[in-house]
Protein chains: 4
Amino acid sequence: MPEPKRGANDNWPGLAGRITERVHILPIRVYFEDTDFSGLVYHASYIRWFERGRSDFLRLLGIHHSDLIASGRQQEPATFVVRRLEVDYHRPARIDEVLEIHTGCLEIGPVALWLEQTAVRDNETLCRARVQVVLVSRSGKPQRLTGLVHKAFQSVLPN
Amino acid sequence: MPEPKRGANDNWPGLAGRITERVHILPIRVYFEDTDFSGLVYHASYIRWFERGRSDFLRLLGIHHSDLIASGRQQEPATFVVRRLEVDYHRPARIDEVLEIHTGCLEIGPVALWLEQTAVRDNETLCRARVQVVLVSRSGKPQRLTGLVHKAFQSVLPN
Amino acid sequence: MPEPKRGANDNWPGLAGRITERVHILPIRVYFEDTDFSGLVYHASYIRWFERGRSDFLRLLGIHHSDLIASGRQQEPATFVVRRLEVDYHRPARIDEVLEIHTGCLEIGPVALWLEQTAVRDNETLCRARVQVVLVSRSGKPQRLTGLVHKAFQSVLPN
Amino acid sequence: MPEPKRGANDNWPGLAGRITERVHILPIRVYFEDTDFSGLVYHASYIRWFERGRSDFLRLLGIHHSDLIASGRQQEPATFVVRRLEVDYHRPARIDEVLEIHTGCLEIGPVALWLEQTAVRDNETLCRARVQVVLVSRSGKPQRLTGLVHKAFQSVLPN
């Protein structure tokens, strides 16, 4: 019997961060691409980092693209999209620093998910966001969150 | 007498958009770099476009970096940085489309500027943001907006 | 009879640049997003700008996505993708500057297109690239360049 | 005696990748931001990833910004900048995949460093680059590579 193929995934087990006490934590290194001529991190870089945090949070919760399609209801593939963003910038970050993106679920409704996300450096919050996420089909129609999504989030909902 | 050097600036007079009825308008083409695998524009692209709009709004108002240094008070160069962002995503945009970024001033205070920005396609608002901007010195200290900044914004304040 | 809808395209006629003496020229403003903490333009920004130049060159040559599908041969949509890039960085660019991206066709073969692209500031070449572009179907198969593509490039081939 | 502060760096020991047999390996996850509407990874994303690989290679070799200033010769800070890039795109990558960026030193001269970099997925090379890097002072003057840089690279030069 052939040995199962060993992929890059297996070589880098911590790549998607980890979930600790209902909060997903993803480490981020600040590279050249994230900074601007002011010498600090460009403000839109946090928006990209928060998206990475959400993607890996879903990944560790086991929510895959196939789960986003309610069987028997629609055939179209669906993806999560951001509906509303509120971001407060408190302190700047700089090249070469290691930050953590913390992502927690505030609330899950029939069609929307509210997340809180922070960029943290050594226990200091640099940037804080509240993000509303909805599920939308390829053609643009909002979808109800499926039972699988609700179930996956049970373990990380606030008490 | 040597002819004054003719730079690229002179060849592209409309490049910074225009101000019409207190609102700055900047055209934006959607390129490959702005989209993601969903087939639509990536949500952080709007954040970059809004920054372009703000930069060109200031440019057309004649606010240059040297004006951001109050004479006699501080020597350090200062730049505008985003302090708070609120963004609502209404409708998606797609590759090759031409959008307009509309930027208007909601309010100007002693240290902060509130702007409203929208991404518009054929009179339809795709995305709307409220952005709080403050002036910060190179070393991170918030600065009072100078008289020159206040004066420049007089002509575009809401009635 | 209803008046034809007037879109953003009509309001910004020069947005895709222009073709002069077989060379496409697109103006580029350097924004915050294009720079890094060194104070200069980030090296990958030129790669994005060159892509914008190629997209608008094709647009002005009238090559639309539908032309990229040879009738009767394949049904799949196809897009141009970069196969090889050679880039030389000569001089840095800085925030607020206006550059021009010049794009010319070096050679067109049965399956590949070679373009030369430069980033120019006041007649000074900052960065020069040679780019090989091929047409690839959605599923990844290389496609022959159609007669329509060859015809569109006739007017801009070097003598 | 106060305990030394424990930073994010210590919590994520593998974040900068690792050097194995003279080659630096950095894992990369493909996120939304890296893809474009074709459904594949945008070609400039590899250029950003290669820069991350070079930064972390230098980091693990112990080359810090202070080492880039030859004592007694110049006071100005200096940074490595790309002078030439040659990139071949072989196969596409897709959202959610885990890739590895491999970086090796081909040659080190008095002023320039030649690196070979590949993006690899499960032992398959997707993209290959040769990159020439030089050291440039803040004001733009090329600098000789210092003895410390040469010494740091001794252990990773090809036989």
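Tutor: Two strands pair if DSSP finds at least two bridges between them. Helices (H or I, at least four residues) and strands (E, at least two) are DSSP runs, numbered from the N terminus. This is a predicted model: local features need pLDDT of at least 70, side-chain atom pairs count only at pLDDT 80 or more, and totals for chains, interfaces and linings use all residues. Residues are numbered from 1 along each chain as its sequence is written, and chains are lettered from A and ligands numbered from 1 in the order in which they are written.

Student: In what order do the elements of chain A run from the N terminus on?

Tutor: Chain A has three helices and seven strands. From the N terminus on, the order is α-β-β-α-β-β-β-β-β-α.

Student: Over how many bridges do β4(A) and β5(A) pair?

Tutor: β4(A) covers residues 98–108, and β5(A) covers residues 112–121. The two form a hairpin with three residues between them. One bridge joins Ile101(A) to Ala119(A) in β5(A). The pairing is antiparallel, and the number of bridges is eight.

Student: In β4(A), which residue is the bridge partner of Ile25(A)?

Tutor: Strand β2 of chain A, residues 23–29, pairs with β4(A) in the antiparallel sense over six bridges. The partner of Ile25(A) in β4(A) is His102(A).

Student: Are α2(A) and α2(B) roughly parallel or roughly antiparallel to each other?

Tutor: Each helix spans residues 43–60, and they pack at an angle of about 175°, with their axes 9 Å apart. Axes are lines fitted to C-alpha atoms, for helices over the stretch in contact, and angles run from 0 to 180 degrees between N-to-C directions. Angles under 35 degrees count as roughly parallel, over 145 as roughly antiparallel, 65 to 115 as roughly perpendicular and the rest as oblique. α2(A) and α2(B) are therefore roughly antiparallel.

Student: Which residues of α2(B) make the contact with α2(A)?

Tutor: Two residues are in contact if their C-beta atoms, placed from the backbone, lie within 7 Å. On α2(A), the residues are Ala44(A), Ile47(A), Arg48(A) and Glu51(A). On α2(B), they are Ala44(B), Ile47(B), Arg48(B) and Glu51(B).

Student: Which element gives the most to the side of chain C that touches chain B?

Tutor: 21 residues of chain C are in contact with 21 residues of chain B. The elements of chain C that give two or more residues to this side are α1, β2, α2 and β4. With four residues, the one that gives the most is α2(C).
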